[in-house]
Amino acid sequence: MIGRSRATSVFSRGNGRDRPLVLVDRLPDEILLSIFEILVQNTRKPLQGSWSVGEHRVAPPSLPTKHKAVNARPELILSAVCRHWRNLALHCPLLWSHINFRNERTPFVRSQTYLNRSQGAKIVAEARAENAPKGTEAKLVAYFNEAFATLVPHVGRCRHLGLQAPSLTQLRQCLTQIMETSNAEPEHLQSVELGVRRPTNPEVIMEFLFRDDALAESWEDRGRLVTALTLREVLLPWTWIAWYSNLTHLTLTFRNNIPSEVENSRMPSRLTFLQILSRCPELKELELTGFRFSDPLSPGTSLHWQAPLRLEKLIAMRFSGFNHDQLEWFLAQLEAPHLRSFFYRTERGSLADVRNFLLRYAGTGSPLKALWVKALPGQGIGSTSTNLYTTLNFLPELEELTIQHNHFHANEISALTPRIQAGGPAVQCPKLRVLRLIGVTFNFGHLATMVRERKASSELPPPPSGQDDHRTRKLQILQISGMQVFMPFVPGSVKEMMRESVDTLLWDDSPPLPSSNRGLPTLSPFGVGF
């Protein structure tokens, strides 16, 4: 690792200690540095799209606000433990290789310090207009320009580059400046995120980032090494094979408002998009928000890919603001036998197409680990005959379930409740360990019973040899937030019983945020706000 040998050779062990000797001090410096690097890298996942650079780890709720920001940057904690650890940390470039300007004001002293300490290491960097303090448009533009000017001399060693400019023109100017700067040639680029602020005027038409000019010629082949691509409110030509091949992560996020015919014409056709995915056999994550095809199907017509496109490596899918008919057609063309996480914001209140998608490749035993379902008000998944209850029957491996802006029916809660006194029959989702109810209505008594019985079931002794094991997991996390205003008052005893039956109870009595079919989900199933 860059800087590892220097860090371990310059400083002798035991020098400059300002605390008593403990067992960890016996570890060789090489081992300590490896632990430091693993800790820092695990808090950030820079090659997974979705603006995933930065402080994504949630600090414990009990920490004061001023400590949460520090908790999200472990390199600062490690360098403050003692003099010896600080000496090691300051001379380990990989610990300082994430630069994002977040919660920082000009002249960006922190980011400049990180850039200096990272030395020659490959870096993960982003500059986003939304990080600018509130102010006029001119101040926002100036903030972004100064952040980018700080970053551009180091673009040549970026393995991830994320740019969210105030406008398409400024984003093009940034890309032009990168190509004109001799030491900014992005030779190591593996992950790219390009976007502009969501326009406040709904009449603004979404544009292609590149035109038929010198800038396009310079960038068309730059995507040959890119494995993670995120586009927000901008488009790349769908014919740029170098950018749409060999991807492991693809995120396309556009406005959810009613599109114009001009915008529709700039979206890919159904077959074009399937051809793009067919060139990405290593695809692991697919996120489509506000996405649509340029060739909507007419009633009574059908269009099919030559055969179901099988994506063996796909483990996570996220759909929001996707036309129901188009999504139904799209899922019918795919097979993802190893899917682990699925996010779906319904537009019509039906999970039939999702359940059919799961059944097609998994039979009655889907390997899905996490399901997040968000519905528009009044259009919940429980408002139709194909509700969550029938879907959960096919998810025996489910570990995380999130329901947002919906109604959690009594039969669905009952299906998750073990029947201890009845001999422990099979129960839906026996491995469930995380349940999030966000802006959801439900019966508190039924939920409390479910939580208590799952804890009791987890404490039962194993069954005799040859008998089925119908025990369930105890819920590790129960989150209840954004409760509807017409929900009944919850007695303190019920809340306390829930707290004793789960490892972590996250309870927020504040009313839910308004939901609409515009904009992006305010909460994300993967720890990142969409």
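A salt bridge is a side-chain nitrogen of Lys or Arg within 4 Å of a carboxyl oxygen of Asp or Glu. The structure holds 23 salt bridges. This is a predicted model, in which local features need pLDDT of at least 70 and side-chain atom pairs count only at pLDDT 80 or more, while totals for chains, interfaces and linings use all residues. Residues are numbered from 1 along each chain as its sequence is written, and side-chain values use heavy atoms, with hydrogens and water left out.

**Salt bridges around Glu126**
- Arg102 and Glu126 join their side chains in a salt bridge of 3.3 Å, N to O.
- Arg102 lies in the loop between strand 1 (98–99) and helix 6 (109–117) and Glu126 in strand 2 (residues 123–128), so the pair ties together parts that are 24 residues apart in sequence; helices (H or I, at least four residues) and strands (E, at least two) are DSSP runs, numbered from the N terminus.
- Glu126 also meets Arg128 in a salt bridge (3.0 Å, N to O).
- Glu126 counts as buried because its relative accessibility is 0%; buried means under 20% relative accessible area, exposed over 50%, and partly exposed in between (1.4 Å probe, protein chains only).

**A salt bridge of Asp295**
- Asp295 forms a salt bridge with Arg270, with 3.8 Å between the closest N and O atoms.
- Asp295 is partly exposed, at 26% relative accessible area, whereas Arg270 is buried, at 2%.

**A network and Glu400**
- A network of salt bridges links Lys369, Glu397, Glu399, Glu400, Lys431, Arg433 and Arg436.
- Glu400 is found in strand 13 (residues 400–404) and counts as buried at 19% relative accessibility.
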